[in-house]
Amino acid sequence: MDQARLTPELVLQHASDLAEMIREKPALHRFPGRMADYFIAAANRFVALELPLRGNFTDKMFSDLQNELMGFNGVSVKKAGLGILIQSIDFGQKIMAQDRSLALLDAHVNRFLAQYTTTEKNAIADATEIFRLINPENPALVSTWIWSKDKFD
């Protein structure tokens with residue numbers, strides 16, 4: 001039996017149904033309306049640029065991938081970096097130059113930096129410099145440790 005695949009074209013054919021499902025209570029996201037819009041915008045981008053859904057990450061540089069992902073509406077440095085980490089860790093994609101990854105800055109990371117460092121301003125560059133000392137192979141990965149630490153503290 002063939003299973004239906006969620007493709008960008010399928011998303012666009014059923015965009016209003018999808019948006020309605022994402023907005024249903026309990027909501028899948030804190031901002032369900034915005035999330036639905038981003039999801040549909042991403043499908044439009046995949047179709048317009050004819051981007052492949054598979055193999056798009058393999059053997060690419062971390063910074064190039066981050067820039068590609070940030071081209072999607074609603075994707076920040078943090079979300080792009082997290083997407084790359086998921087591809088690398090969870091899906092085993094080979095990402096080149098992970099040592100050039102950036103800290104994934106958010107409230108949890110800012111709280112950690114305020115508590116354990118003397119940085120004047122918590123900028124991505126400052127956090128990345130500190131995280132590179134902790135994990136030179138992949139500074140972005142330090143952010144995930146901080147998130148889990150902050151969650152259980």
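Modeller: Residues are numbered from 1 along each chain as its sequence is written, and side-chain values use heavy atoms, leaving out hydrogens and water. As the model is predicted, local features need pLDDT of at least 70 and side-chain atom pairs count only at pLDDT 80 or more, while totals for chains, interfaces and linings use all residues.

Biologist: Why do the buried residues of H2 line one face of the helix?

Modeller: Helices here are DSSP runs (H or I, at least four residues), numbered from the N terminus. Buried means under 20% relative accessible area and exposed over 50%, with partly exposed in between (1.4 Å probe, protein chains only). In H2 (residues 15-23), Ala15, Leu18, Ala19 and Ile22 are buried. They line one face because, seen down the axis, the directions from the helix axis to their C-beta atoms fall within an arc of 100°.

Biologist: Which helices do the buried residues of H2 pack against?

Modeller: Ser16 and Glu20 are exposed on the other side of H2. Counting contact as heavy atoms within 4.5 Å, the buried residues of H2 pack against H1 (8-13) and H3 (32-49).

Note on methods: Helices (H or I, at least four residues) and strands (E, at least two) are DSSP runs, numbered from the N terminus.
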